Amino acid sequence: MADATSHVSFLPPILTFCAAAVVAVPLFRKLGQSAVLGYLAAGIVIGPSILGVIKDPDAIRSTAEIGVVLLLFLVGLELQPARLYSMRKDILGTGLAQMALSAAGIGLFGWYFGLSAAGAVAVGVALALSATSIALQQLAERGDSSETYGRRTFSILLFQDMAIAPVLALLPLLATTGGAQAGTPMRALASLGIALGALIAIILAGRYVLNPFFRILANTGAKDVMTAAALLIVLGAALLMEHVGLSMAMGAFLAGVMLADSHFRHELEADIEPFRGVLLGLFFMAVGMSLDLKLVASNWMLLAVAAPLLVLFKIAVVTSILRISCSSWLEAIRAGALLSPAGEFAFVLLPLGLAQGLLTPSQAAMATALAAISMLLGPIVAKLIDAVLLSRVTPETMEEDFDGISDSQVMVVGFGRFGQVVTQALLLQHINITVIDSDVEQIRAAARFGFKVYYGDGTRLDVLRAAGAGRVKVICVCIDDKDAALRIVEMVKAEFPHVRVHVRAFDRIHSIELMKANVDYQMRETFESALGFGRVTLETLGLSRDEADFVIDHVRDRDAQRMEIQFHEGIAAALNRVPRVTPEPIVKPKGKSKALNAETEQVIADGGAEVSVGGVGEPER
């Protein structure tokens with residue numbers, strides 16, 4: 001039997017990481033800085049350079065890199081063709097220019113200071129990349145994701161993320177021409193052929209296998225298995241890419257792109273997000289732990305000059321490009337400041353360059369230290385620049401420009417009979433909508449008519465957030481599960497208070513519960529259709545259209561009065577009030593009721609009390 005201590009040997013490192021995160025991250029957020037800085041600082045403190053709680057940072061690097069893998073998968077999920085096409089000029093033009101000029105400038109600087117040509121390319125590309133997580137988090141904190149400079153920043157980040165795949169393939173090829181451990185050209189071509197074969201396999205699997213695979217799982221109703229399946233796809237693609245000599249991140253990225261148009265996209269994003277957040281935090285702590293403070297101390301003068309120069313150079317490059325492409329000085333500088341730190345993938349590319357013989361250990365260590373310091377320095381510089389710029393600009397010059405935004409205005413949860421009618425009215429007015437449903441058959445039926453419906457559980461907050469609930473104007477809850485509808489309302493009101501919520505109510509009691517939950521609008525699913533049915537019946541019996549409308553309006557008004565009383569005083573409060581809840585005729589009947597059987601005769605004799613529904617005399621459910 002194994003020693004009991006062997007079962008808990010993994011707990012001290014986990015507790016250390018958790019303790020460091022819960023102390024450092026809130027502290028840095030309290031200081032107005034990014035959570036990434038908190039993770040980096042925590043890693044530095046617990047790493048071998050200071051406290052030495054974690055002796056070997058490399059031991060957790062492989063696990064920590066899964067955070068980067070999952071981040072690339074989520075980036076891939078965002079690369080929908082329509083969105084890419086609308087941003088094509090900024091992505092291909094501005095993004096390519098930023099990467100090329102930044103990499104060229106940094107590479108020439110490194111070559112001047114003694115790097116080989118191939119090593120200079122590796123360092124230049126690695127440090128030209130920007131920190132996606134830092135930039136997007138800062139935009140979210142400012143609420144500027146929809147601003148012009150925010151969209152152009154995202155376009156450049158998007159190009160950088162798309163460029164990761166070819167860059168990861170480029171470094172091994174550079175090793176065949178100038179690395180210390182270069183192989184033969186034929187071996188490089190053979191490796192490239194194997195890698196291309198693996199890429200084609202992933203693309204074909206994504207095109208023809210993944211959607212049917214997830215559809216089968218969804219039909220089983222086992223939602224927990226969807227999480228396991230998502231991790232299986234992501235990590236399986238990552239492992240395949242690593243096996244053929246490329247990066248795990250590249251495989252995850254391709255898997256995400258293949259599922260970008262899937263009905264299951266939002267569900268997958270919600271399933272992966274918690275793992276991504278935790279593991280990416282661990283990755284940043286691993287980066288902080290790998291920072292050699294002795295190396296920094298011995299080369300402090302060089303790093304003290306190089307890190308600010310790197311940040312300022314990247315700001316200058318982005319500012320110049322955006323200014324030439326018709327952005328204002330304010331927007332260009334703010335975008336440049338967000339893109340100034342080195343990116344997460346510098347810590348993937350630099351070790352790869354070392355492994356391929358493009359860099360010596362000391363060169364890789366210096367470049368890694370420079371990247372880490374820029375990630376510490378960049379957000380601080382961005383915050384200072386933003387504060388200075390905004391202090392000199394009047395609000396009138398900060399115009400909002402939402403031209404080209406394709407975000408949905410309405411989210412419809414549930415695409416059954418009720419939801420389908422709701423979406424028809426919206427689509428006739430060319431209103432952008434996002435529809436989510438957990439019924440695979442409904443999704444497949446909708447696709448035949450040109451609807452885009454995403455697979456997801458609308459009762460989950462992470463699914464709603466992933467589907468963009470915080471950005472829409474109205475959320476229409478059209479599901480037929482009254483308890484689930486109430487849970488959705490409570491979540492939306494708590495997390496997205498600015499969003500209006502319209503809900504399909506099951507019956508009167510459900511309507512009152514929704515009103516107490518502060519829903520903005522609710523309607524019983526059969527009420528208006530029943531009134532319309534009654535109006536046509538009245539017309540058939542000889543009433544004019546106006547007379548029938550008068551009767552129906554009277555019924556509707558009385559119902560509203562009863563609802564108001566019951567909302568304030570309870571469901572039974574209107575029993576002895578006027579108007580009464582117990583069903584009663586609009587006009588006095590000409591004859592007495594006649595029983596058709598013994599049971600009905602007994603009910604009439606008892607005063608009709610048992611006719612009421614639910615004990616409150618409700619005429620409809």
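Val 499 sits in the loop that links α23 (482-495) to β5 (500-505); helices (H or I, at least four residues) and strands (E, at least two) are DSSP runs, numbered from the N terminus. With a relative accessible area of 1%, Val 499 is buried, where buried means under 20% relative accessible area, exposed over 50%, and partly exposed in between (1.4 Å probe, protein chains only). Leaving aside neighbours within four places in sequence, Val 499 is in contact with Ala 469, Val 472, Lys 473, Val 474, Ile 475, Lys 493 and Asp 520; contact means heavy atoms within 4.5 Å. The C-alpha atoms of Val 499 and Val 472 are separated by 6.8 Å, and these two residues are 27 apart along the chain.

A word on how to read these values. This is a predicted model, in which local features need pLDDT of at least 70, side-chain atom pairs count only at pLDDT 80 or more, and totals for chains, interfaces and linings use all residues. Residues are numbered from 1 along each chain as its sequence is written, and side-chain values use heavy atoms, with hydrogens and water left out.

Stepping back to the whole protein, you will find 27 helices and six strands. Of the 621 residues, 46% are buried. Among contacts between residues at least 6 apart in sequence, 73% join residues at least 24 apart.

Next, have a look at α16 (residues 300-324) and α17 (residues 329-338), whose axes come within 8 Å and cross at roughly 145 degrees. Axes here are lines fitted to C-alpha atoms, for helices over the stretch in contact, and angles run from 0 to 180 degrees between N-to-C directions. From α16, the residues Ile 315, Val 318, Thr 319, Leu 322 and Arg 323 meet Trp 329, Ala 332, Ile 333, Ala 335, Gly 336 and Ala 337 of α17. By class, this contact has eight nonpolar, two polar and one charged residues; Ala, Val, Leu, Ile, Met, Phe, Trp, Tyr, Cys and Pro count as nonpolar, Asp, Glu, Lys and Arg as charged, and the others, Gly among them, as polar.

Thr 319 of α16 is buried, with a relative accessible area of 6%. Not counting residues up to four places away in sequence, Thr 319 touches Trp 329, Ala 332, Ile 333 and Gly 336. Ser 325, in the loop between α16 and α17, is partly exposed at 28% relative accessible area. The C-alpha atoms of Ser 325 and Thr 94 are 8.1 Å apart, although 231 residues separate the two along the chain.

| Residue | Relative accessible area |
|---|---|
| Val 499 | 1% |
| Thr 319 | 6% |
| Ser 325 | 28% |

Helix α16 also turns up in the second largest pocket, where α16 gives the most to the lining, with six residues. On a 1 Å grid over the protein atoms alone, a cavity is a set of points where a 1.4 Å probe fits but cannot get out, and a pocket is an open set with protein on both sides within 12 Å along at least five of seven lines; lining residues have an atom within 4 Å of a point. The second largest pocket is lined by 20 residues, with Phe 109, Gly 110, Phe 113, Ala 306 and Leu 370 nearest its centre. This lining divides into 15 nonpolar, five polar and no charged residues.
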